[in-house]
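This report describes a model that should be read alongside its sequence and structure. Please keep both in view while reading.

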2 protein chains.
Amino acid sequence: MQQRGTFQLMKSVNRSIILNKIRTSEPISRAQIAKETSLTPPTVSTIVKELIEQRLVRESTLGHSSGGRKPTMLHINHSSFYVIGIDAGPETIKGVLSDLSGEILQRTVSPINKPITNERFLSILKENIYTILKSTEISHDQIIGIGIAMHGVVDIETGTSLVAPILNLRNIPIKDVLEEEFNITIKVENDARAMALGESWFGGHGEAESMVAVNIGRGVGAGVVMNGKLYHGAQGIAGEFGHMTIDMNGTICDCGNRGCLQTFVSGAAIAERAGKQINQSKVALTGKEVFEYAQKGNPLYMDVLHETGKVIGIGLTNLIHLLNPQKIVLGGGVMKSEEFIMPAILETIQQRVLTTEARKTEVIVTHLGEDATLLGAVSLLLVELFNPIKEIG
Amino acid sequence: MQQRGTFQLMKSVNRSIILNKIRTSEPISRAQIAKETSLTPPTVSTIVKELIEQRLVRESTLGHSSGGRKPTMLHINHSSFYVIGIDAGPETIKGVLSDLSGEILQRTVSPINKPITNERFLSILKENIYTILKSTEISHDQIIGIGIAMHGVVDIETGTSLVAPILNLRNIPIKDVLEEEFNITIKVENDARAMALGESWFGGHGEAESMVAVNIGRGVGAGVVMNGKLYHGAQGIAGEFGHMTIDMNGTICDCGNRGCLQTFVSGAAIAERAGKQINQSKVALTGKEVFEYAQKGNPLYMDVLHETGKVIGIGLTNLIHLLNPQKIVLGGGVMKSEEFIMPAILETIQQRVLTTEARKTEVIVTHLGEDATLLGAVSLLLVELFNPIKEIG
DNA sequence: CCAACTATATTAATTAAATTAACTAATTAT
DNA sequence: ATAATTAGTTAATTTAATTAATATAGTTGG
């Protein structure tokens, strides 16, 4: 059933506009909001009044005047509500309690010992949530929900993890089980997509219309945000960037194809390539070690990372040509080697890109560091709170 | 300035819903529209009344009853307005006059003799339009505009062709010049994107939410349609599919990079590959000839086309993984060899795709044949007429 | 063939929410 | 102190959807 043109639509569109204006420009006065959004002052006033009643917005001390009544400044009421965010990766489950501004008040981490079952996985999840709930004095009814950024293939309608490749699990009914246990809103999303949303929400990109976030770690995933909304594709599996073929005659990948981006740039691939180059292939290296050796100035390892950057650059150029995003934000474990990888990425893109327009794409490393995905999980709920409109027409 | 929640928005959302319902389900009664869109009967009635006044919709003989008043059936009034569509390719400029249903009433074609200047190019365009205008009895004020599907890089805001590679032209102010000349609405769009829109409009795909159309001819371009709207990207150059790197160590492309999809699958690339295989590399083959030899059953040429299909399949798999569209529609000159290429494409995709979900992507050849791009040009104006809403929030 | 029923469509009254215009409030500049 | 200026609210108006009632035009069953 599609979204009709109703009074509620009209109102919720304006509510969204105002709320987002406050969020991105606080402190801001009612009059300024009216000016910048071209909504009329009475519309702004009535909606702001409601937002204050809902405790999403608060007033503060008066602002400055240049010859007239002083404006009352408005802010998001950051500590009115809280969200639990979970990053369920292949190695660890991390959890945070965050306020509406993305400030993290509590943290937990648990390792995942393999092999594992659906039940054990779910109980680790529950444990982490209980730990957070117990460790805070915040009233539990101020917590509006739990967002889960899950690696692998996810069905966001049912909140099920369909395939969790490294854990070797399938069909984990995350949402059902956690809703039953905690009786609270649960949102489940793919980790790269969650990261993309978190980046657009907390990354300080302002009005960026289209953004792609790429997570380069054990796997390589991407999330696409357009007009502040995640792009899912028809079956909800868009963003599988790691298995983009960039070398059809290249080495074989886990997935069975040849020359996937992942075979060059995942943490494991980097370590393996380094191992081969150094001829100590028996000693299993980790990606982290490659980075550390490079930092010590070992040119062989620096080269390996430089090469990695080049290949990422090729993949990103494909992405730029296809989607022409305003921004690309890079995150994940591999990007800790930013200092070695990033110059090669940027250089490669500038070399390969076709048009001067495409050259304008900003490619940056996330400012959110390791919390990018966690904050993404948090933002899954904030989107619902701030933009209750889905799709129109 | 963003779209606010206004009464006009409310109305134009409903107008769009109703108009599209009629378009995709005609003949249909007011009551049925109300049922299927969950709009109320009075809302449907008042808006339909306006649409009839605007001559976009007409009533017809009564429908069937099953125990009650007979419904009045509604139709799009196909012959109330007309549109001129132009396909400005690198070799020819084609033009059509179409009614609202996509029925073509007039056609023109002109070759483009190279070298050419901006002025000559524009005057060929004008000539074609004048030819169409002269050859029809339709009143000129029933023609609501001219849509131009232009190859190369286009700025849709100003209606300028920024780069027309094969013609070796730049900054052709198409919209300005034609508006001046004909004093009518002009829309300029990239050809692959126009084709994508035409496909979603006239291709009989019904409610397909996300669709990618790929044009494989002299170059390879793609257009992405989401929720009935074209995706342009930040600088309006999204869809550059032909220069996707799929073989980073492959042969060098016009663009300077190695292993672009185009180096395998454009008409010229196919002909060249065939030439090499046959060892008569001196005789310049055309793509068309390769197809004809294959049709005669020559296995060498059949192989060349089969290989081409494989590589297209690799590129499309990348696209499916990244965008997960509901449908991919293939068109362009190369797809005339459908019978040899398509099996290889489908086979390759099924082999390479990662998940069962992605396997559901429908990959088909356009039903619109050579008119796909022309009807795309036409649809540029129909979108404005039928869905006057841009973007919300 | 007529009464009872059913489905379609319109009209009238109501309601939601934006807009316009007028007004109050608070401050700076003269 | 007064005029001018800006912020914000209140009251009246307008738009367009919704609800309820009614008219329209049939079908069906006795």
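## Contact between the chains

Two residues are in contact if their C-beta atoms, placed from the backbone, lie within 7 Å. By this rule, the contact takes 57 residues from chain A and 56 residues from chain B. On the side of chain B that touches chain A, helix 1 of chain B gives the most, with seven residues. Helices are DSSP runs (H or I) of at least four residues, strands are runs (E) of at least two, and both are numbered from the N terminus.

The model is predicted: local features need pLDDT of at least 70, side-chain atom pairs count only at pLDDT 80 or more, and totals for chains, interfaces and linings use all residues. Residues are numbered from 1 along each chain as its sequence is written, while chains are lettered from A and ligands numbered from 1 in the order in which they are written.

## Surroundings of DNA strand C

DNA strand C is surrounded by 31 residues, a residue being near if its C-beta atom, placed from the backbone, lies within 6 Å. Among the closest are Phe7(A) and Arg69(B). Helix 1 of chain A provides the largest share of this surface, five residues.

## A sheet in chain A

In chain A, five strands form an open sheet of mixed pairing, in the order 14-13-12-15-16; two strands pair if DSSP finds at least two bridges between them. Strand 14 (229–231) and strand 16 (362–365) of chain A each have a single partner strand, so one side of each lacks a neighbour in the sheet.

Strand 12 and strand 13 of chain A run antiparallel and are joined by seven bridges. Val214(A) has Ala222(A), in strand 13 of chain A, as its bridge partner.
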